[in-house]
Amino acid sequence: MTARPPSSAKRFVFVAEPPSVGPERLEVSVPEVLDPQYGMYIWPSAVVLAQYTWFYRSSVRGKTILEIGAGASLPGIVAAKCGAKVILSDDAELQNCLDNCRRSCQINNLEDVPVIGLTWGKISPDLLLLPQIDVILGSDVFYEPEDFEDILTTIFYLMQKNPHALFWTTYQERCADWSIEALLYKWNLKCVHIQLETFNADEEQLAGSSLPGSHTVHMMIITLRTNITSVT
């Protein structure tokens with residue numbers, strides 16, 4: 001029997017800036033597994049996306065939200081705690097990542113959050129059976145360039161079914177020449193870049209953690225090119 005890799009739970013505390021609407025404070029914990037499968041780490045981009053979700057918590061309440069490549073699931077957990085109907089997903093072939101999503105739900109007493117396997121670029125029964133989606137979350141999904149096309153294939157499929165859906169995504173700058181603009185155009189998608197200071201994320205330490213640190217993280221919202229973009 002193979003031993004499970006050691007894991008620990010990281011605690012994040014989101015605090016509202018006055019004047020605020022809704023809860024003043026939210027505390028969540030998510031497991032981080034010390035495993036070669038990097039999808040289960042808590043990356044700087046995840047904390048920034050979770051901060052955006054918290055900042056717009058009044059907008060996510062009651063919305064149906066899908067997190068792709070969820071891993072530790074921090075943004076999705078925050079959305080669920082803020083009253084959204086959340087579905088967590090990760091690669092259908094990575095059972096350890098899906099189990100980690102379930103552990104995140106258990107730790108935060110979220111019994112009604114489904115966890116499904118969605119492999120980017122593939123049409124599966126779980127993908128076909130998804131309900132109407134309002135917002136898609138994805139932190140650092142644009143990590144391996146060879147995956148970009150498959151990710152956008154999946155996003156385009158979801159937005160064809162949900163024309164008014166928004167894809168909130170963050171990514172860590174690893175190469176100054178990195179761009180997905182050409183791929184977005186190919187898939188009839190467009191993006192708006194969101195400045196971190198507009199949602200109080202332009203700091204090295206967010207939600208009581210040491211992340212994002214000195215890493216450069218960007219936030220953008222992707223929509224169908226034929227739609228009018230809205231931030232929330």
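**View 1. Where is valine 113?** Valine 113 sits in the loop between helix 4 (95-107) and strand 5 (115-117); helices (H or I, at least four residues) and strands (E, at least two) are DSSP runs, numbered from the N terminus. This is a predicted model, where local features need pLDDT of at least 70, side-chain atom pairs count only at pLDDT 80 or more, and totals for chains, interfaces and linings use all residues. Residues are numbered from 1 along each chain as its sequence is written, and side-chain values use heavy atoms, with hydrogens and water left out. Valine 113 counts as buried because its relative accessibility is 15% (buried is under 20% relative accessible area, exposed over 50%, partly exposed in between, with a 1.4 Å probe and protein chains only). Skipping neighbours within four places in sequence, valine 113 is in contact with Ala80, Val86, Leu88 and Cys105 (contact is heavy atoms within 4.5 Å).

**View 2. Helix 6 covers residues 148-161.** Its 14 residues reach 20 Å from first C-alpha to last, close to the 20 Å expected at 1.5 Å a residue (expected span: 1.5 Å times one less than the number of residues). The buried residues in helix 6 include Phe148, Ile151, Leu152 and Ile155.

**View 3. Cysteine 97 is in no disulfide.** A search of the whole structure turns up 0 disulfides (pairs of cysteine sulfur atoms within 2.5 Å). For cysteine 97, the nearest cysteine sulfur belongs to cysteine 101, 7.1 Å away. Cysteine 97 is buried, with a relative accessible area of 1%.

**View 4. Leucine 129 lies in the loop between helix 5 (125-128) and strand 6 (135-139).** At 68% relative accessibility, leucine 129 counts as exposed.
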